Amino acid sequence: MNHLPEPARVVRLPDGTHVYADQSPETYNGPQVVHQHIHQAAPDKTVQRIALGSGVGAGAVAAGVYFGPLLVGVLTAIAANIAMLAFLALVLGWGLHTVVKSLGSVFKGV
């Protein structure tokens with residue numbers, strides 16, 4: 001028992017092109033128009049999938065989508081401020097150390 005369909009027969013037209021036998025010249029009406037829909041790639045849905053997988057509602061998913069990038073931005077700003085303050089403290093500490101060292105050598109001779 002062979003349940004496979006019969007293989008399609010390919011014929012060569014006089015102009016050299018190949019078509020399937022069911023598209024022979026009597027039924028062949030030229031090239032077919034293919035409508036292709038191109039979509040943009042979907043955004044990353046990791047947060048939504050984790051949230052929905054744990055059984056939370058759509059409000060929590062929307063909050064995660066909205067506040068997730070917001071939280072990353074706030075934490076980045078905080079980290080930048082702390083780095084700037086650390087640099088400022090380093091420069092002021094180095095300057096104070098230099099002044100105290102210089103004054104110490106001046107008052108040593110008194």
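The expected span of a helix is taken as 1.5 Å times one less than its number of residues, where helices (H or I, at least four residues) and strands (E, at least two) are DSSP runs numbered from the N terminus. The structure is a predicted model, in which local features need pLDDT of at least 70 and side-chain atom pairs count only at pLDDT 80 or more, while totals for chains, interfaces and linings use all residues. Residues are numbered from 1 along each chain as its sequence is written, and side-chain values use heavy atoms, with hydrogens and water left out.

The protein chain contains two helices and two strands, which follow the pattern β-β-α-α when read along the sequence. For helix H2, which covers residues 58–108, the 51 residues should span 75 Å at 1.5 Å a residue, and this agrees with the 73 Å that separates its end C-alpha atoms.

Accessible areas were computed by the Shrake-Rupley method with a 1.4 Å probe, and for residues only the protein chains shown count as cover. The protein chain exposes about 10200 Å², of which carbon and sulfur atoms supply 67%. Of its 110 residues, 6% count as buried, where buried means under 20% relative accessible area, exposed over 50%, and partly exposed in between. Val19, in strand S2 (residues 18–20), counts as buried because its relative accessibility is 6%. Val19 lies 8.6 Å from Arg9, C-alpha to C-alpha, although the two are ten residues apart in sequence.

In helix H2, Ile78 has 42% relative accessibility and therefore counts as partly exposed. Phe67, at 48%, is likewise classed as partly exposed, whereas Tyr66, at 56%, counts as exposed. A search of the whole structure finds one aromatic pair, formed by Tyr66 and Phe67, whose rings are edge-to-face with 4.9 Å centre to centre and 85 degrees between the planes. Rings of Phe, Tyr and Trp (its six-membered ring) pair if their centres lie within 6.5 Å, and planes under 30 degrees apart count as stacked, over 60 as edge-to-face and the rest as tilted.

Methods:
Buried means under 20% relative accessible area, exposed over 50%, partly exposed in between (1.4 Å probe, protein chains only).
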